[in-house]
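Take a look first, and then we will walk through it together.

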Amino acid sequence: MLNNITIGQYFPGNSVLHRLDPRTKIAVLFFLIIAIFVFDQPVAYLVLTLLTFGCMVVSRVPMKTQIGSLKPLWWIILFTFLIHLFSADGRPLFHIWILTATWEGLVRGFFICLRLALLLLLSSLLTFTTSPLKLTDALEAILSSLKSIGVPAHELAMMMTIALRFVPTLIEETDKIMKAQQSRGADFLTGSILHRLKNVVPILVPLFISAFRRADELAMAMEARCYRGGIGRTQMKELRFAPLDYVAWGATAVLMVALTAVAILFPKGFL
Amino acid sequence: MALIELDRLSHVYHAGEENEHRALTDVSLSIEAGEFVAVLGSNGSGKSTLAKHLDALLLPTSGVCRIDGMDTQNVDQVWRIRQKVGMVFQNPDNQLIAAIVEDDVAFGPENLGVPPKEIRSRVDEALSVVGMTKFRSFAPHLLSGGQKQRIAIAGALAMQTECLVFDEATAMLDPEGRAEILAVVRQLHKEQHKTIVYITHFMEEAAAADRIIVLDHGKLAMDGTPREVFAKADELQKLGLDVPLSVELGARLRADGIDLPQAIVTEDDLVQALGAAAGHAGKGGAALGD
């Protein structure tokens, strides 16, 4: 039951988005998120929506999967919409009980939900098109600029790498322990929730003990291979920016400048 | 000067505490560059402790351990020692660090600060030596035990180690995996002239070495060629060890009055000796083994 779990939600592929340097993708995502929150002119929404859908198409990740990434926050989106619908002042639209929905609320609710949706879709696009390993590398590269203020960039990245390496191993082990316990009459699938939770303890205890033993042996193996932290370390697979990355940076810069200009020149919007 | 020199090496775990345990007592031996040495011993004989001393993962309680003239107690030289001596541990799962095979092989050279291009060429070469080139982009958990151990060997090779220490590296493998590893080890010894220290409790594997060292309760019990060591089958059995099947069969046949030479170690030796004996016996008109 545990053998078909994939780590993260990476979709291997060779689209433009897949080929971008992970650092570029993180930076662009960062700026787009800022843009989504800062600019509230209809034209900005239009541009950002089109851009998001453009990226979604270009990534070649199945649309259904991408839209599915909205699912976990579906209720929050709906709730936000309802609150705005009923709480804004303006021309009344309809009444339910003591609540009054307004036109203004409808419009504002729609845009807020659009914001949330764009945010989710863009962020998932990053994890859909970047393997966890590349994300880790990018994280190390980005964080290492903060080393001077004491951020342990290399250590964090090493922890993530080891975690990624051991997720399948520990899943396998959990499966084995569960089968061993089941063969001795343990029952994980029926009974009340409390009962089932209690039955998880005999899985967790051996799993933790074994994880600590593994950590101990792994530490020794790392030492035997001359690991002494990030100092003086090189990397076989260096991250390198390609022309494609410069294009992405340029486009993002132009977009940000254009949106700022629109926001200053037409504060009320012109649509 | 020998590559590995142990001089009255002793190791005590938890010294001075209630659970004090003496793992090695006054072990003195030297191993020359290019030797293939098997270390035998029953459980608790100190084999693994010995192995860890060779890579400065443990330091002597008393006595000296020198690798290529460098004392393991000298903190400044620890990294040079570990670059010279590579380790392959028992559990294949707990010594692979990266989530992709080639990244794992690159781990050692990356730690040594080797330039990226050279790491790439070292990794490619190490993977081809152990015959794992086509698995380069696999995740370790998709490999068999024997394949994982081959990756661990490649990881040590990529650091350009002169000596490889196998700490019961085949104990958790199936027979097929054991054969794979032994084949790689022999090839490393013959073709790359690596010094091999091979800790095992499989007698058949030890028979492949040039020299066998037997430990018993932390003391050096025997040291000699496989022929010399296996000739003392009684002594080995007293130490809780068996001799390989071919050696035992040869000895029993000899005891039954069949004329076989003393020097039978491998199955091939036995088959040859029996063939020769059958030839002699055939002339006399008597059948073998009735």
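With 290 residues, a compact globule would have a radius of gyration near 19 Å, and chain B agrees with this at 21 Å; the radius is taken over C-alpha atoms, and the globule rule is 2.2 Å times the number of residues to the power 0.38. Please keep in mind that this is a predicted model, in which local features need pLDDT of at least 70, side-chain atom pairs count only at pLDDT 80 or more, and totals for chains, interfaces and linings use all residues. Residues are numbered from 1 along each chain as its sequence is written, while chains are lettered from A and ligands numbered from 1 in the order in which they are written.

**Chain B as a whole**

Some overall values for chain B:

| Property of chain B | Value |
|---|---|
| Span of the C-alpha trace along its principal axes | about 70 × 50 × 35 Å |
| Residues that count as buried | 46% of 290 residues |
| Average pLDDT | 89 |
| Residues with pLDDT of at least 70 | 97% |

Buried here means that 20 or more other C-beta atoms, placed from the backbone, lie within 10 Å of the residue's own. The pLDDT is the predictor's confidence in each residue, from 0 to 100. It stays under 50 over residues 284–290 of chain B. Where pLDDT is low, the predicted coordinates should not be read in detail.

**A sheet in chain B**

Chain B holds 11 helices and 10 strands, taken as DSSP runs (H or I, at least four residues, for helices; E, at least two, for strands) and numbered from the N terminus. Four of the strands form an open sheet in the order β2-β1-β4-β5, with antiparallel pairing; strands pair if DSSP finds at least two bridges between them. At the edges lie β2 (21–31) and β5 (70–71) of chain B, each pairing on one side only. Strand β4 (residues 62–67) of chain B is joined to β5(B) by two bridges, and B:Ile67 stands opposite B:Met70.

**Where the chains meet**

The predictor gives the complex an ipTM of 0.86 and a pTM of 0.81. On the chain B side, 34 residues are in contact with 26 residues of chain A, a contact being two C-beta atoms, placed from the backbone, within 7 Å. Helices α2 (78–84), α3 (101–112) and α4 (116–129) of chain B each supply at least two residues of this side, and α3(B) gives the largest share, six residues. By type, the side of chain B that touches chain A has 20 nonpolar, nine polar and five charged residues. Nonpolar covers Ala, Val, Leu, Ile, Met, Phe, Trp, Tyr, Cys and Pro; charged covers Asp, Glu, Lys and Arg; the others, Gly among them, are polar.

Technical notes:
Buried ≥ 20, exposed ≤ 12 C-beta atoms within 10 Å, placed from the backbone.
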